[in-house]
Amino acid sequence: SAPEQHMRSAIILALGASFIRWTLHANGTLTNGGDFVPFHLLFVLVAVFIAGWRLVRTDPDCNVPRLFRAGFQAGAIYTLIISFFAYALYSWIDPTFFPIRVNEMVDQAMAAGRTEAEARERIEGFFSPFKYATITLFSFVVISAVDAFVCAVLHHKLLRPVRR
């Protein structure tokens with residue numbers, strides 16, 4: 001059925017993105033997760049678009065709220081998998097990333113005149129695998145909602161007449 005189809009596409013895209021990201025990390029090509037964000041934005045959009053496309057194919061009379069819901073569900077599934085992967089990457093696969101990054105930032109803050117204790121407290125309180133995954137989760141949920149709305153309107157107003 002349509003829900004399983006859009007879930008499957010989102011899962012495949014998220015696992016594919018995770019595999020690509022892990023491969024880039026493993027061979028040392030990409031160590032900063034922020035550099036991979038444009039690919040995630042594209043993959044979320046593709047997951048959302050595919051969900052709407054499949055829903056219109058199975059139910060040509062579906063409305064914008066149903067299209068939005070299907071797209072948002074696909075985006076949310078993608079987001080959950082990617083957020084868990086981000087947590088796993090920085091907690092278990094590369095647990096030294098955040099301590100090294102925190103030390104670099106503390107050194108920069110000390111060069112700017114802050115004390116090490118003050119800088120370390122502020123920076124360590126913010127940079128952790130859990131907070132990184134949480135920020136990823138919340139930001140991608142918002143992005144999924146925006147993508148779902150835009151794609152729902154696109155499918156409803158522009159693409160449905162072409163498909164009939």
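Select R120 and E116 to begin: the two form a salt bridge (side-chain nitrogen of Lys or Arg within 4 Å of a carboxyl oxygen of Asp or Glu), with their closest N and O atoms 3.3 Å apart. Keep in mind that this is a predicted model, where local features need pLDDT of at least 70, side-chain atom pairs count only at pLDDT 80 or more, and totals for chains, interfaces and linings use all residues. Residues are numbered from 1 along each chain as its sequence is written, and side-chain values use heavy atoms, with hydrogens and water left out.

**Stay on helix α5**

Show residues 116-126, which make up α5. R120 and E116 are about one helical turn apart because four residues separate them in this helix. R120 is partly exposed, at 22% relative accessible area. E116 is also partly exposed, at 40%. Buried means under 20% relative accessible area, exposed over 50%, and partly exposed in between (1.4 Å probe, protein chains only).

**Move to helix α4**

Select R101 and E104 in α4, residues 97-111. Their salt bridge has its closest N and O atoms 3.4 Å apart. Three residues separate R101 and E104 in the helix, so about one helical turn lies between them. R101 has 32% relative accessibility and counts as partly exposed. E104 is partly exposed at 39%.

**Next, D59 and R66**

Select this pair for another salt bridge, 2.3 Å from N to O. D59 is partly exposed, with 22% relative accessibility. R66 is partly exposed at 32%. The model has five salt bridges by this rule.

**Zoom out**

Show the whole chain as a cartoon. Helices (H or I, at least four residues) and strands (E, at least two) are DSSP runs, numbered from the N terminus. Along its principal axes the C-alpha trace spans about 65 × 30 × 20 Å. Of the 164 residues, 35% count as buried.

**Go inside**

Select A17, L67 and Y78. Of the 22 residues in the largest nonpolar core, these three touch the most other members. Such a core is a set of buried Ala, Val, Leu, Ile, Met, Phe, Trp, Tyr and Cys residues joined through side-chain atoms within 4.5 Å. Helices α1, α2 (37-58), α3 and α6 (129-163) each give two or more residues to this core. The largest share, seven residues, comes from α2.

What does Y78 contact beyond its neighbours within four places in sequence? Among its partners are A10, L13, A17, H40 and F43. Contact means heavy atoms within 4.5 Å.

**Finish on the surface**

Select F19, I20, W22, F84, W92 and I93. They form a nonpolar patch with about 670 Å² of accessible area together. Patch residues have over 30% relative accessible area and no salt bridge; like charges are joined within 9 Å, nonpolar side chains (Val, Leu, Ile, Met, Phe, Trp, Tyr) within 5 Å. Areas come from the Shrake-Rupley method with a 1.4 Å probe; for residues, only the protein chains shown count as cover. Helices α1 (2-26) and α3 (64-93) each supply at least two patch residues. End on F19, in α1. F19 counts as exposed because its relative accessibility is 54%.
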